[in-house]
Structures are given as C-alpha cells and as structure tokens.
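Hi there,

Here is the structure I promised to pass on to you. Have a look first, and my notes follow below.

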Amino acid sequence: MPKTAAKSLAPRGRAGADRERGRRVLLVVTGGIAAYKTPELVRRLRETGLAVRCVLTRAGREFVAPLALAAVSEDKVYDDLFSLTIESEMGHIRLSREADLVVVAPATADILAKLAAGLAGDLASTLLLATDKPVLAAPAMNVRMWEHPATQANLATLRQRGVVFVGPEEGDMACGEWGMGRMAEPETIVEAVAAFLALKTTGPVGALAGTRALVTSGPTWEALDPVRYVANRSSGKQGHAIARALARAGARVTLVTGPVALADPPGIATVHVESAREMLEACERALPADVAVCAAAVADWRAANPARSKIKKTGRPLSLALAENPDILGTLARAGARRPRLVIGFAAETGDLVANARKKLAAKGCDWILANDVSADTGVFGGDVNTVEFVTRAGTESWPALSKDALAARLAARVADALGSGRSAKSRKRSRR
Ligand code: C5P
C-alpha cells in the first residue's frame with residue numbers, strides 16, 4: 001500500500017511552529033466509525049503546537065481517507081508495515097520512538113486485544129509493541145463489546161502496564177444502540193494529551209527564584225551483611241522529575257537520592273545515599289529549605305544488627321531482627337525553626353486512598369500528600385505515568401493521569417503559588433543571625 005505524500009496538499013505555515021515546540025504525537029487510527037473524527041483531532045492537536053504523524057490501519061482506511069489525514073498533519077500517513085519505502089526511510093521502531101506520546105484514536109476492541117496480547121501483525125500493533133513512549137488510548141466500540149469480560153480484562157492489563165485511557169463516553173452509537181462506547185470528543189482527547197504532556201503546565205519558569213528546595217527520591221538499601229540488602233522497586237523517576245521541575249522554576253534544589261539507574265539531573269546538587277539513616281542525615285544537612293518534597297520510598301525497617309561478615313547458610317531457617325527506620329518526612333515536618341515552610345509527602349495506598357492520606361497528613365505533620373492507589377495495578381512503579389489524589393488540609397483534588405514530568409510541573413506550579421512572595425529560607429536564616 002503506498003504511503004500518501006502530503007506536501008503538495010498541505011497548508012504552509014504551521015510546520016514552523018510545530019518544529020519550534022518540538023513535541024510530537026504519533027496518532028494511530030484504527031478501524032472504528034469514529035475514525036471520521038480524526039482529521040478534526042489532528043487539526044486541534046496541531047493548534048496546541050504539537051506535530052502529529054498518523055498511522056492508519058487497513059480497517060481505519062475504510063472510515064477516513066489517508067489524504068485527509070496527510071493534509072491536516074502535513075506529513076505522510078504510514079499504513080503498511082511491509083512497505084519497503086517506509087522500512088528504508090523510517091523503520092517502524094524509529095516511527096514509534098520519535099514521538100513524545102502515542103495516541104490510539106479510535107482504539108477498537110481489536111487493537112486493545114492485540115496490544116494486551118503482544119501481537120504484532122501489522123504496522124499499528126508492531127509499533128505499539130515496539131514503542132518506549134507512553135500510550136494514550138481513546139476506546140470506541142459497541143457497548144456490548146465494551147462490557148465484554150475479554151475487553152475489560154484487556155483494559156485492566158493495559159492500565160497495569162501504564163496505558164492511559166480517555167473515554168469512552170455514554171451515548172447513541174452509530175450501530176443504533178445506546179450505552180458506553182462512544183469515542184471521547186476530539187477536544188476531550190486534546191485536553192488529555194495536553195494534560196499528559198504538560199503543554200499548559202510546563203512549570204512556572206522563574207516563579208521559585210531565590211527559594212531552596214529539598215527533594216528525596218528513589219529507594220533506600222538496608223544492609224543485612226556486607227553483600228546483601230533489603231530494598232524496594234522505586235525507580236526514582238517521580239522524585240527526579242520533581243527536582244527538575246522545581247529547578248526549572250528557579251529553586252536551588254538539593255536532591256537526596258537512594259540508588260537509582262538515573263543520571264543526576266544537570267545543574268542540581270545531587271547527594272547519593274544508600275540507607276534511610278544516611279538519607280535523613282543528608283536531608284538535615286540540606287536545611288534550611290523553603291520546600292521539602294519526600295518522594296523517596298524509604299524502607300520502613302533495617303536489620304537491627306547487620307552482620308559484619310557474610311551470613312553463612314546453616315541449614316536452619318534464618319531469623320532477622322528488624323529495627324524501625326527514622327521517618328524522614330515526619331522529622332522534617334517537626335523540625336521546629338528549621339521546618340521548611342512547605343513539607344510534602346507521597347502515600348502509596350491499597351485502599352481508602354483519601355482517608356488514609358488524611359491520616360498520614362495528620363500523623364506526619366506535613367502540609368500536602370500526593371496519594372496513589374497501588375492496589376488497582378496502576379503501573380506506577382517504574383512506569384512513566386502517575387495518577388494521584390492531591391490531599392491538603394483544605395480538601396482533595398483528583399488529578400488526571402499525567403506523565404511523571406507533567407505531574408512534577410503541576411506540583412511545582414502549586415508550590416510556587418503556596419510559597420508566593422514570602423521570604424526565602426535564605427533570607428529567614430540571615431534575619432535569625
Ligand atoms: O509511612 P509511609 O511510608 O506510607 O509514608 C510515605 C511518605 O513518607 C513518603 O513521602 C515517603 O517519602 C515518606 N517516608 C519517609 N521516611 C520513612 C518512611 C516514609 O520520609 N521512613
């Protein structure tokens with residue numbers, strides 16, 4: 001199947017703006033009747049400054065003309081895995097990785113099943129399997145297909161792997177039935193994309209100038225003996241993203257991180273620690289700060305008496321005595337005169353999310369808690385997506401599914417609002433002398 005050349009049809013002018021912003025969406029259009037709305041979706045995505053490249057499945061071609069998508073995207077439309085031209089110009093791996101976000105709209109029951117099962121029989125499913133970028137899907141299908149346990153199981157699997165969904169909505173369907181299954185409207189999909197990529201919340205550049213921030217990130221490792229340790233699965237992605245967002249907003253950031261596979265963020269003073277007690281010490285040394293964000297997954301316990309030499313097998317069960325670790329968030333929140341003006345924690349909960357977050361807010365004495373539900377297989381650990389309830393003494397906000405960078409930018413904006421024009425930790429330190 002030939003690729004569709006758009007250059008001669010395309011209106012000129014917007015391409016420059018797209019290039020300036022440099023963010024790219026790969027839109028995979030599959031074979032639902034709602035595909036007829038995708039030229040409008042492309043147009044609206046491009047109005048936000050995004051570049052859009054389209055992939056069309058064989059069934060999708062029945063509902064929308066490749067030339068229409070080529071014209072509005074000002075790009076080729078890719079529609080055949082085995083086209084030699086595509087493979088030489090732009091392999092499907094590159095196609096799937098050059099985007100910041102892959103959007104599947106409409107996402108049929110078929111493509112969701114393929115993605116859940118890991119099938120790769122055409123260009124769309126292959127690139128969805130090959131991509132290392134977040135995927136946002138707008139399902140569209142008949143209500144019975146939507147409600148079918150197979151579809152629901154596929155959705156649960158995909159959510160667990162970090163796929164973000166927008167819609168479907170309830171309403172009349174093209175097939176004459178009524179119910180859940182209509183694709184979300186283009187403007188709703190654009191909103192979800194904009195929130196996800198933080199298009200409107202790239203962070204309050206400069207709003208935190210003159211302030212100091214302390215961020216903890218990653219896991220802690222608690223030694224059992226010289227070669228073994230107890231740890232957890234925290235990747236540090238969220239904590240590092242928060243450090244970057246606060247720095248972008250102008251704060252002088254100290255990042256105290258446990259062992260992670262991430263590079264130190266450029267321009268940020270990064271202190272590497274292993275254990276919870278080392279992390280607490282490094283945090284105390286980093287004070288005063290105007291804001292502390294405790295995103296680290298600190299081990300609650302450590303070995304009470306770590307062995308000085310490697311523990312040997314004896315053929316009998318081994319019992320380990322554990323001692324409780326210091327609570328870094330609680331310690332910072334109760335640091336008296338040295339308490340940062342704003343102390344923020346995270347809470348990974350498996351039930352009663354908001355009630356438990358409220359209890360934690362009071363127990364730890366912090367100001368805000370970002371609570372994630374880790375019971376619903378939300379793929380938070382190690383993934384690029386986070387969905388939180390933002391809990392303060394004043395109330396609770398449900399934030400939408402966001403990339404970890406977008407969540408960090410949104411949090412930095414809230415920190416800047418809260419700290420307002422108050423004096424910085426530096427000026428308070430000076431006035432105490
Ligand atoms: O008590 P829990 O582990 O659920 O609380 C999570 C929050 O507390 C996170 O913000 C985490 O960084 C912080 N925490 C801490 N020190 C600990 C345990 C948790 O700072 N020892």
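**Aromatic rings and the ligand**

Both Trp 368 and Phe 390 are buried, where buried means under 20% relative accessible area, exposed over 50% and partly exposed in between (1.4 Å probe, protein chains only). This is a predicted model, in which local features need pLDDT of at least 70 and side-chain atom pairs count only at pLDDT 80 or more, while totals for chains, interfaces and linings use all residues. Residues are numbered from 1 along each chain as its sequence is written, and side-chain values use heavy atoms, leaving out hydrogens and water.

The ring centres of Trp 368 and Phe 390 are 5.1 Å apart and the planes lie at 65 degrees, so this pair is edge-to-face. Rings of Phe, Tyr and Trp (its six-membered ring) pair if their centres lie within 6.5 Å; planes under 30 degrees apart count as stacked, over 60 as edge-to-face and the rest as tilted. Phe 390 and Trp 399 have ring centres 4.7 Å apart and planes at 15 degrees, so they are stacked. Trp 399 is buried too, with a relative accessible area of 3%.

Now to the ligand. One of its oxygen atoms is 2.3 Å from an N or O atom in the side chain of Lys 360, and an oxygen atom of the ligand is 2.8 Å from a polar backbone atom of Leu 329. A backbone N or O atom of Ile 328 lies 3.0 Å from a ligand nitrogen atom. Polar contacts here are pairs of N or O atoms within 3.5 Å; within protein, one must be able to donate a hydrogen and the other to accept it, and residues adjacent in sequence count only if both atoms are side-chain atoms.

Enjoy exploring!
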